[in-house]
Amino acid sequence: MDAGEKSDCVIVPEKSPNNASGSGGDGGKDAGQGECGREKRAPDTAAGQSALSHLDRIRHVSRKDKTAKFTALMHHVYDVERLKRAYLSLERNAAAGIDGVTWRWYGEGLQGNLEDLSVRLKRGAYRAKPVRRAWIPKTDGRMRPLGVPTLEDKIVQTAVVEVLNAIYEPAFLGFSYGFRPGRSQHQALDALAAGIHIKKVGWVLDMDLRDFFGTLKHDWLVRFIEHRIADQRLVRLIRKWLAAGVLEDGKRTRSEVGTVQGGSISPVLANIYLHYVMDLWVHHWREHEAIGDVVVIRYADDAVLGFEWKSDAEKLRADLEVRLKRFGLSLHPEKTRLIEFGRFAALNRQRNGEGRPETFQFLGFTHIAGRTAKGRFAVTRITARPRLIAKLKAVKLELMRRHNATVAEHGRYLRSVLLGHYRYYGVPSNFKALKVFRQNLGRIWKHILERRSERTRITWERMNRLIDKWFPPPRIYHPMPLERYSVTTQDRSRMR
């Protein structure tokens, strides 16, 4: 072990180059001053208690000082026990990368393999391999490129993500929800619904970044990382993954932009990029430029912003487009829309001779400016039609693939599909859509069973018995968003 390496040293700059009231991360260097001393030994603890782990100390420093830079991090990555935990956290049956190494094969000599990997990481001899290109269908019928890293790249990336999360999680803003520990899509949905209810929201900017993962610039990303990470060995490791490229049809391609979706590290790198490019900037704009209330919810490259005034929404959109262009990003012109939405939207549109308020989609739900049974304003959420259709098509294809399976095997598969669907889409106001999904699954199953033989015809009486046996009834799994939002945040806003 290098001298002093276990001391997670920090350099505290005289001032932050990226505070919320500044430029929001334009890549300036820290003129850091201060001492990088050894970590103090943790005091002995009573029985049953343990001292803070190294990453806990990093997390504590990062939370206490948002400008601190960390100079000794790489030993956390090549720690054999951390690499082992990373290996065990991976999906057992995931597809192999370009080297063909599977989870089970690697595990046959796990300890030796991890020790060898640790030595290569420590010596700087570790080489990132290109990812294997795969394509998965999107809900709009197009294909999304997905990268399949090698198993060792997955292991090391998972270990690096653990270190990066200790540094950046305390710094990320409350309205960022995508791919963060302890945060979920439903928390983002709750925060959005609560924000529209609590704040004076009359307009919604439904925002989508065009090809974000394919256009972010490597140089900017590295400069953002260097704001907090002064350990150049870790920075070089991240550069290796960015430069590894993609292998498709035997041809390797490299680029200076984009990060391949599918790697363990891609989500946290995306959050770091958007933290400096967008989040800090939007927060500063809201505090210093906006006239009225502004609500912000971001999940990965999708974001919804609520505004009290239309003029604020139009100005932020114009200013943000200029901001994004500087860093190689842009808003999707077709998927980014400004609509009138909120408690007074229906009344205002009726007064102006316009139709009902428009709807918007976010995280698989169509959001509607609705009313409760007592006539009070409520954000109604129903399953987005494109998601519903895409899921039904996927289930039909899977049943066709399982053409020769028994009825019981079909039933068990469809039961698991329904339960997963209910757990995600089972929100208040969406019960009818859950019933529709269940009914359509029954029709698809009947069609597949009848295709087994030209002479086979199944009556609906028999089909309904099968459906009642194997299909669980629709169920609402989630509470009202305001109730859960209040509990999870303890009345501390995550819209800010």
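View 1. Isoleucine 155 touches Leu83, Ala86, Tyr87, Leu90, Tyr106, Leu114 and Leu117, leaving aside residues up to four places away in sequence; contact means heavy atoms within 4.5 Å. The model is a predicted one, in which local features need pLDDT of at least 70 and side-chain atom pairs count only at pLDDT 80 or more, while totals for chains, interfaces and linings use all residues. Residues are numbered from 1 along each chain as its sequence is written, and side-chain values use heavy atoms, with hydrogens and water left out. Ile155 is among the members that touch the most others in the largest nonpolar core, together with Val77, Leu121, Leu237 and Tyr273; this core has 81 residues. Helix H11 gives the most to this core, with 13 residues. A second, separate core of 49 residues includes Ala194, Phe341, Phe362 and Tyr485. A nonpolar core is a set of buried Ala, Val, Leu, Ile, Met, Phe, Trp, Tyr and Cys residues joined through side-chain atoms within 4.5 Å. Buried means under 20% relative accessible area, exposed over 50%, and partly exposed in between (1.4 Å probe, protein chains only). In soluble globular proteins, nonpolar side chains tend to be buried together.

View 2. Strands and helices are DSSP runs numbered from the N terminus (E, at least two residues, for strands; H or I, at least four, for helices), and two strands pair if DSSP finds at least two bridges between them. Strand S5 (residues 203-208) and strand S9 (residues 302-307) run antiparallel and are joined by six bridges. Methionine 207 stands opposite alanine 303 in S9. Axes are lines fitted to C-alpha atoms, for helices over the stretch in contact, and angles run from 0 to 180 degrees between N-to-C directions.

**View 3. The three-stranded sheet S11-S12-S13.** This open sheet has the order S11-S12-S13 and antiparallel pairing. Strand S11 (360-362) and S13 are the edge strands, each pairing on one side only. The twist averages 40 degrees from one strand to the next. Seven bridges pair S12 with S13 in the antiparallel sense. Alanine 378, in S13, is the bridge partner of glycine 370. Helix H7 packs on the sheet and touches S11, S12 and S13; the direction of H7 makes about 150 degrees with that of S13.

View 4. H15 covers residues 407-425, and its 19 residues should span 27 Å at 1.5 Å a residue; the end C-alpha atoms are 26 Å apart, which agrees. The expected span is 1.5 Å times one less than the number of residues. Buried residues of H15 are His410, Gly411, Tyr413, Leu414, Val417, Leu418, His421, Tyr422, Tyr424 and Tyr425. These residues pack against helices H7 (185-198), H14 (385-401), H16 (431-450) and H17 (460-470), and against strands S12 (365-371) and S13 (377-383).

**View 5. Selected salt bridges.** A salt bridge is a side-chain nitrogen of Lys or Arg within 4 Å of a carboxyl oxygen of Asp or Glu, and by this rule the count comes to 20. Arginine 484 forms one with aspartate 190, the closest N and O atoms being 2.6 Å apart. This pair links distant parts of the chain, with arginine 484 in helix H18 (residues 481-489) and aspartate 190 in helix H7, 294 residues apart. Aspartate 190 counts as buried because its relative accessible area is 2%. Salt bridges that share partners join Arg82, Arg85 and Glu162 into one network.

View 6. Aspartate 56 and arginine 59 form a salt bridge whose closest N and O atoms are 2.6 Å apart. Both lie in helix H1 (residues 54-64), three residues apart, about one turn of the helix. Aspartate 56 counts as partly exposed because its relative accessibility is 30%; arginine 59, at 26%, also counts as partly exposed.
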